[in-house]
Amino acid sequence: MSELLKVSNLSISFSRYIQGLRKSTIKTINDLSLSVNSGEIVAILGSSGSGKSLLAHAILGILPENAICEGVIKYKGNIIEQKDKEKLRGDEICLIPQSVNFLDPLMKISNQVIGEVKDKEDEKRKRINQRKIFEKYGLDKSVDSMYPFQLSGGMVRKVLLSTALLSNPDLIVADEPTPGLDTKDVEETIENIRKMKEDNKGVLLITHEIDVALKTADRIAIFYSGYVIEINDTKNFLSPSTLLHPYTKSLIKALPRNGFILTKGIQPLEDVKGCVYYENCPCKMNICKNIKPILIKYNNAKIRCHLYNREV
Ligand SMILES: Nc1ncnc2c1ncn2[C@@H]1O[C@H](COP(=O)(O)OP(=O)(O)OP(=O)(O)O)[C@@H](O)[C@H]1O
Ligand code: NI
């Protein structure tokens, strides 16, 4: 298993004018570090509005103009800047987008999936490839000539997924591939993501559905208030006792009562001086109020909590 993607100390912030006068910077993602190997699925689990799509867009190089991005992103061992991202995007690194707006409503499905073609030969090759992938993911020939509005939610998701796989990428960033789908379509999507892993691709799966993360991922990174607070093997999520962070433990203790969905309301707040979980933490200590813990390695996991201040 080789390391495909390595994100180190990534922060994303936005400048805003408060009441039209004072300029303030709001950090949405703080000091985020994680990696994805080939043949591995890493889930990043965070509540709605916590900056998950921004992470995906930072990797793909499609952040909005007003975003300020710090930190280092490496792909296959090399640092990638905006220009490199543009080259890799749609080729080696592909996005399964969260928003169905990525589809053009006025264009037939197969035409937009294929995109630009160089000549007749190129078009022929791409059409054969597109049909093969559509077939693999259960989209029959009639879909090719349909318009997006004619597709069900589940079919749109399959089109987005197949499109991402068209160029046979090594790394796939799947941004919320399951919301709005019925149980059967969710199961199918989970199965399709597993297929990518079998094909030795690396998958960064962004979701707020714990169940989807538990069923697919090898490792899960927990995102809380703009910070990754724990990265652990999925098998350790079976019981709170094998997890590290008090928030992660409480999350798993609450299952399945909370319906496997992260509760709303954990938004990136104005950054606090100490630990972001201080107010709610049942294990808080004096140090937690004013000093921010850093993400450290702990056995095979990573943890951002003062209860664990030594690497083991
Ligand atoms: N262009 C922008 N300008 C200013 N702030 C922005 C911009 N884009 C995003 N944000 C801020 O970043 C936050 C995170 O957005 P993002 O879409 O990444 O969240 P998310 O975790 O993907 O949420 P969801 O689960 O709803 O998809 C938003 O709540 C918003 O406050
Ligand atoms: Ni999102």
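A residue counts as buried if 20 or more other C-beta atoms lie within 10 Å of its own, as exposed if 12 or fewer do, and as partly exposed in between, with C-beta atoms placed from the backbone. Strand β7 is a clear case: five of its five residues are buried, so the strand is largely enclosed by the rest of the structure.

This is a predicted model, in which local features need pLDDT of at least 70, side-chain atom pairs count only at pLDDT 80 or more, and totals for chains, interfaces and linings use all residues. Residues are numbered from 1 along each chain as its sequence is written, while chains are lettered from A and ligands numbered from 1 in the order in which they are written.

Start with the whole chain. The protein chain has nine helices and 12 strands. Both are DSSP runs numbered from the N terminus: helices are H or I with at least four residues, strands are E with at least two. The radius of gyration is 20 Å, close to the 20 Å that the globule rule gives for 312 residues, so the chain is as compact as a globular protein of that length. That radius is taken over C-alpha atoms, and the rule is 2.2 Å times the number of residues to the power 0.38. The C-alpha trace spans about 70 × 50 × 35 Å along its principal axes. Of the 312 residues, 37% are buried. Two residues are in contact if their C-beta atoms, placed from the backbone, lie within 7 Å. Among contacts between residues at least 6 apart in sequence, 65% join residues at least 24 apart.

Now the sheets. Two strands pair if DSSP finds at least two bridges between them. One open sheet has eight strands in the order β6-β7-β8-β3-β9-β10-β12-β11, and its pairing is mixed. β6 (93-96) and β11 (296-298) stand at the edges with a single partner strand each, so one side of each is left without a neighbour in the sheet. The twist averages 20 degrees from one strand to the next. Axes are lines fitted to C-alpha atoms, for helices over the stretch in contact, and angles run from 0 to 180 degrees between N-to-C directions.

Four bridges join β6 to β7 (residues 171-175), and the two run parallel. C94 has I172 as its bridge partner in β7, and L95 stands opposite V173. Helix α5 (residues 153-165) packs on the sheet here, touching β6 and β7, and its direction makes about 175 degrees with that of β6. Which way do the residues of β7 point? L171, V173 and D175 point one way, I172 and A174 the other, and all are buried. β7 then meets β8 through five bridges, again in a parallel run. There V173 stands opposite L204.

Further along come β9 and β10. Six bridges join these antiparallel strands, with F223 paired to V228. They form a hairpin with two residues between them, and S225 in the turn has a positive phi of about 50 degrees. β10 (residues 227-233) is mostly covered, with six of its seven residues buried. Two bridges link β10 to β12 (residues 301-303), also antiparallel. E230 has I303 as its partner in β12.

The other sheet is open too. Its four strands run in the order β2-β1-β4-β5, with antiparallel pairing. β2 (22-37) and β5 (78-79) are the edges, each with a single partner strand, so one side of each is left without a neighbour in the sheet. Eight bridges join β1 (residues 3-18) to β4 (residues 67-75). One of the pairs there is L5 with Y75.

An α-helix has 3.6 residues a turn, so residues three or four places apart point the same way. After α1 comes G61, whose phi is positive, near 75 degrees.
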